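This report describes selected features of one protein chain.

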Amino acid sequence: MKHPITMLFLLLCSAAFAQNTFKASLKHAETRQPLYGVSVSMQSLNTGAISDANGVVEITGIPDGIYTLEIRYVGFENQNLSLSFPLNPADKNPTIYMEPAEEEMEEVVIQSTRSSRTFQDIPTRIEFIAGEELAEKGNMKPGDIRMLLNESTGIQTQQTSATSYNSSIRIQGLDGKYTQLLRDGLPLYSGYSGGLSLMQIAPLDLKQVEVIKGASSTLYGGGAIAGLVNLISKTPEEEPELSFMANGTSALGLDLSGFYSEKYGKTGTTVFASYNLGTPYDPADNGLTAIPKFERFTLNPKFYLYLNDQTTINAGFNYVTEDRLGGAIDYVKGDSETGYFERNTTERFSTQVQASYRLSETASLNLKNSISLFEREIEVPDYSFGGRQVASFSELNYTTTGQDTEWVLGVNLWTDDFTQQQGAAGQDLSFTNYTLGAFAQNIWDFEERWTLETGLRTDYQSNYGAFVLPRFSLMFEPTNLLTFRIGGGLGYKTPTVFTEEVERLQFQNVMPIAVDQTEAERSIGFNLDGNYNWSITSELNLSTNLLLFYTRINDPLLLNQTGSSMYSFDQPDGYLDSKGIEANMRWKYQDFKLFIGYTMADVNQHYQGTSTQYPLVAQHRLNNVLMYEKHENFWVGLEGYYYSPQLLNDGTTGQAYWILGVMTEKKLGEKFSLFLNFENLLDTRQTRFDTIYTGSLNDPNFRDIYAPVDGFVINGGFKWKL
């Protein structure tokens, strides 16, 4: 027995000494910075490791032999290395450089900050919807962008009409008037058109949607107190694009869209056109339209001129016409000559011109201008209101980039003229004003992992005087996968009659604002967030983000009922504040993606020593989406959204509710796909658990709309890209 035991011992020792170690440093190929969280695995041995904060990875216990190492890192090209163990001296302790993935880099080109930096290197916190995510959300509501925004964490669309579906956007619980809605950096959708803008923008020609939450005053003026949404249009590429979308719904809605773009040497063009049709729909059988009858046509051509390497120019126009009728279902269908109704007829025509001249390799001069003409008539029984708004925006800015710093300097001018054409005597809401602004913004890498963005803006508003608006954002990156940002700034909003409350009243019995008795609303806001990416294994990745926010608005303008039926604006001494958190988690495992988002928005009004909750804010919201996707083949998603109880303007509290949906798309070849979606599977409707009006059907007094009214709807269609 002595010799067998000795031989076994020698064999075990030999096996132990045959174990090898692999050690390497992982770095970014462009910045030469170490990469934390890179997954290095040996599938044949079922072993692997993750690089540490210094980019170093170590795998032990490797037997002699030839093995393949798989190196994976989110946003970078995968690498496979074949090594023979024991290693040759030249293969020991290598430095491996990871190349950024091209498709990932294309998705993070952000335009709202006017910086040449990549998305990860900008101190301002920006959220964006692009690529496949934008296409998936666009399938659900191809006729407008309401759902595209409402399903984002921290954003809620507020329906302002029970029968016509007019809606506004709220960021972090604040009224829609505090958010700027832009198209390619131009303010085209504000003012009189605000309650219809979300309903009149089809998403097929959008390249991406960018959202900045919190004070964004430096580049975009004081009105962006809650934040801004910038809709970025597609531009001509080297490869021409011709695409069509057709969508139909179980509520008998129809959406047809077409987009064409092509670049011809020194010229290029894009053309977008859409036709949208709505049929009166009453799922509650309560005699009122949950979806109104409407017909809308949109045309948006643009022409691009590339004169030389230094000069580019683009110009285009946008035309939208719509007739929208909601109210008593029998009246809307034409089966009755009497009944309550609300009709909105609108025409929008706007021009856009942008030019850029590159002065040198690092500096450029940019000019942009838009002129917008919007006409709208609102008609309800025994009352009509109508008007025309003509607005313009012009800007000249200079940008320069150095080794560690960037500057943006500019001036801009807004003009706004509203002429009331219909309405009650003694209730003329017409106004004219202008705002002249100058701004400077700087981004500075003052340390290896610290970046500071500062901005200063000075505005002069013709009715309310001068405003000085400082702003800052600071970014710290302790590792390549962990980022902290903190920012804040001042803002202002000049008094306006175009609010959610006035929209609900169809501008009826609303008195004009007394300029000499009001002041601009002034705000201060801060936010702090952290973002962490973790490659748990070569196939399992987690991305998390936590945002803390606070915004305070002093002397907010309130609409109060002064008599039996008249309303006037008042500005009591007090303030409105919004504070809370946003938390996002994105899990990815093989072909599965799970997104979980939570918003806590605590919005309160503080007047005369008392504090009350701000109405129509879901204090707690959950966004959950589970996707299974075979790239360029098929995807299916299950989504669930929770809204906590909301305080209503009449002092009551609405019920909490869930909305569930299923969305699918199947590609048939490279150019054709079919999609089918089941929206609101639980048929959640406010009319199922609460009322939407009091009084009679012929003379209804509408309550706040805090939950869906259209219920379960199926939509489906096809997309064809030539």
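What pLDDT does the chain average, and what percentage of the residues score at least 70?

## Confidence of the model

The model is predicted. The chain averages a pLDDT of 89, and 95% of the residues score at least 70.

## A four-stranded open sheet

Four strands form an open sheet in the order β8-β12-β13-β11, and their pairing is mixed. From one strand to the next, the twist averages 15°.

Strands of a sheet pair through backbone hydrogen bonds, in either a parallel or an antiparallel arrangement. In the case of β8 and β12 (residues 206-213), the sense is antiparallel and the pairing extends over four bridges. Ile129 has Val209 of β12 as its bridge partner. Helix α3 (residues 131-140) packs on the sheet, where it touches β8 and β12. The direction of α3 makes about 70° with that of β8.

## Aromatic pairs

The count of aromatic pairs comes to 29. A pair of aromatic rings is described by the distance of the centres and the angle of the planes. For Tyr67 and Phe85, these values are 6.2 Å centre to centre and 50° between the planes, and the pair is tilted. Tyr67 belongs to strand β5 (residues 65-72) and Phe85 to strand β6 (residues 79-85), so the pair ties together parts that are 18 residues apart in sequence. Both Tyr67 and Phe85 are buried.

Which residues do ring pairs link into a cluster? The cluster consists of Tyr192, Phe374, Phe385, Phe418, Phe431, Phe498 and Phe507.

## Charges over tyrosine rings

Two tyrosine rings are described here together with a charged residue placed over the face. Lys263 lies over the face of Tyr306, at 4.5 Å from the ring centre. Over the face of Tyr575 lies Arg552, at 3.6 Å from the ring centre.

Technical notes: Residues numbered from 1 in each chain as written. Predicted model: local features only at pLDDT ≥ 70, side-chain atom pairs only at ≥ 80, totals over all residues. Heavy atoms only, no water. Pairing = 2+ DSSP bridges. Helix = DSSP H or I, 4+ residues; strand = E, 2+ residues; numbered from the N terminus. Axes fitted to C-alpha atoms, helices over the stretch in contact; angles between N-to-C directions. Contact = heavy atoms within 4.5 Å. pLDDT = per-residue confidence, 0-100. Phe/Tyr/Trp six-rings, centres within 6.5 Å; stacked < 30°, edge-to-face > 60°. Buried < 20%, exposed > 50% of the residue type's maximum accessible area, 1.4 Å probe, protein only. Lys NZ or Arg CZ within 6 Å of the ring centre and 35° of its normal.
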